[in-house]
Amino acid sequence: MNMARITASVYTSHVPAIGAAIDLGKTAEPYWVPLFKGYEPSKQWMKDNTPDVIFLVYNDHATAFSLEMIPTFAIGTAAEFTPADEGYGPRPVPKVIGHPELASHIAQSVIQDDFDLTIVNRMDVDHGLTVPLSLLCGQPQAWPCPVIPFAVNVVQYPVPSGRRCFMLGQAIRRAIESYDAPLKVQIWGTGGMSHQLQGPRAGLINADWDNRFLDRLIAEPEALSKVPHIEYVREAGSEGIELVMWLIARGAMSDVAGSGKPPKVAHRFFHVPASNTAVGHLILENA
Amino acid sequence: MSLNKPYLDVPGTTIFDAEQSRKGYHLNQFCMSLMKAANRERFKANERAYLDEWPMTEDQKLAVLARDLNRCIALGGNIYFLAKIGATDGKSFQQMAGSMTGMTEEEYRNMMINGGRSVEGNRVIGEDGDAQAHRQPQGAAGRK
C-alpha cells in the first residue's frame, strides 16, 4: 500500500512553565523531576517510532491570532513556522518545518468534506505547539520530522464542541489516508487537563474528572465527545476546555472508522501540578 | 436574541465570550502590542503615556497600572492577552493566576503542590467552596 497512514496518536498538556523548565535547565529540580520522569518512556517511544510527519493540534494563546481574526480551525500550510515571542522572548527551540503538500491536501479534502478550515501561510507558533515537541523530542538541533500546525480557537467563545472536534478528526483521517505517498503520520492532541488561570477560582484541579476523561477517551470516545462545554468549565476549570482538542486526534484513530480493533495504550501518565495545571499524557497506537 | 450563557453560575469565573471581547477589544489589543520587545521597553519607560496611545477606558488603564487582573477581566480582558503584561513584568503564569485569589505566592504555590483547588463547593454559585464570593479574599495577600 502506498498511501499515507496514521500510525498513532499522542495526547499531552502543553503548559508554558514546562517549556521554561526545559529551556532554563530546571528539569532536575525536585518540583519537576516526577513530571519529566513520566515523559521518559515517551521520548524513547518517539525515537523508536519517529513518524514522517506530525499533525499537531493545539491552540494559539493570543499569539498569532489577536482579536482581529479568530479562526475556529486553522491549518498551517507554510514551509516553516517560527517559534513566537510570547512576551518573554522566543523559546530557544528549532524552527518548525512544515509539510505544505500534505497540509494542502488535507485542507482540500477536509474542506470538501464540509469542515470550513482557515488556511494559514504565515504564522508564528507558540508554546501550545512547541512544548509538546520538547516533551517528546527533548532538545534536538532540529525537530525529527515536519510538523503541520493545526490551531483551534478555545480562547474566545464560542469554541467548537467536542462532537464537532471528534467528527473533524474523522475527516482528517480520511484526508491523510487518501494522500498518495507512503507517509507515516502521527496526530497529536494537546492542551488541558483541568486548569483555571483566572479569577478567584484560579488553581482548580479535578484529578478524578481528568482520569475519567482519560479512561473514556481510550474506551468510549464517541460518548465522551457529547459532553457539553459547560461540564468542562464547571468540572475542569475555564481553561480545561482545551481538552476538546484531544477529541480531534482521537477521532482520527482507525477504530473510530470501524477497524474493529481498539488502539493499544503504549503509555499513560498523569501528574499534578505543573504550575497551575494537571498534566495528562497518552500514547495510543493503531492496532 | 441575546447570547445563551449557561456559564454565568460558575463562581469566580468569567467566560471570555463575544460580549466580554467587545468590551475588552482595545485592552486586549494593547496587551498584544507587548509581544514586541521595543514596545515592552516603551511601556516600561512610561506606562501611562503608552496606555494613552490606546482608546481604552480610564478604568481599564487604571486596572492595568494597578496590575489588578480581576478588574482587567471584569473590564473585558482575557487572561491569555493579559499574560503579556505579566511577561513584560517578568511574572510567571503561576504568579499571575495566584494574584487573582488574594493568596500570597507561597500560599498559592502550596495549594497547587497539594493538588490544587478542589472543585467541591466550587461548581455553582451559592455553594460554600473557597472560590465563592463570600469567602474572598482567600489569603494573606488580600488581607493586607
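The largest nonpolar core in this predicted model has 124 residues. Leu56(A), Ile172(A) and Met245(A) have the most contacts inside it. Helix H6 of chain A, residues 162–176, gives this core its largest share, eight residues. In soluble globular proteins, nonpolar side chains tend to be buried together.

**Around Met245(A)**

**Helix H4(A) against helix H6(A)**

- Helix H4(A), residues 100–112, packs on H6(A) at about 125 degrees, with the axes 9 Å apart.
- An angle over 145 degrees would count as roughly antiparallel, and 65 to 115 as roughly perpendicular; H4(A) and H6(A) are therefore oblique to each other.
- The crossing of H4(A) past H6(A) is right-handed.
- H4(A) makes the contact through His105(A), Ile106(A), Ser109(A) and Val110(A).
- H6(A) contributes Ala171(A), Ile172(A), Arg174(A), Ala175(A) and Ile176(A).
- Six residues of this contact are nonpolar, two are polar and one is charged.

**Chain B against chain A**

- In all, 48 residues of chain B contact 34 residues of chain A.
- Six helices of chain B each supply at least two residues to the side touching chain A: H1 (18–23), H2 (25–33), H6 (69–74), H7 (79–88), H8 (93–99) and H9 (105–113).
- H7(B) provides the largest share of that side, seven residues.
- By class, the side of chain B that touches chain A has 26 nonpolar, 18 polar and four charged residues.

Technical notes: Residues are numbered from 1 along each chain as its sequence is written. Chains are lettered from A and ligands numbered from 1 in the order in which they are written. This is a predicted model: local features need pLDDT of at least 70, side-chain atom pairs count only at pLDDT 80 or more; totals for chains, interfaces and linings use all residues. A nonpolar core is a set of buried Ala, Val, Leu, Ile, Met, Phe, Trp, Tyr and Cys residues joined through C-beta atoms within 7 Å. A residue is buried if 20 or more other C-beta atoms lie within 10 Å of its own, exposed if 12 or fewer, and partly exposed in between; C-beta atoms are placed from the backbone. Helices (H or I, at least four residues) and strands (E, at least two) are DSSP runs, numbered from the N terminus. Two residues are in contact if their C-beta atoms, placed from the backbone, lie within 7 Å. Ala, Val, Leu, Ile, Met, Phe, Trp, Tyr, Cys and Pro count as nonpolar, Asp, Glu, Lys and Arg as charged, and the others, Gly among them, as polar. Axes are lines fitted to C-alpha atoms, for helices over the stretch in contact, and angles run from 0 to 180 degrees between N-to-C directions. Angles under 35 degrees count as roughly parallel, over 145 as roughly antiparallel, 65 to 115 as roughly perpendicular and the rest as oblique. A crossing is left-handed if the near helix is turned anticlockwise from the far one by less than a right angle, and right-handed if clockwise.
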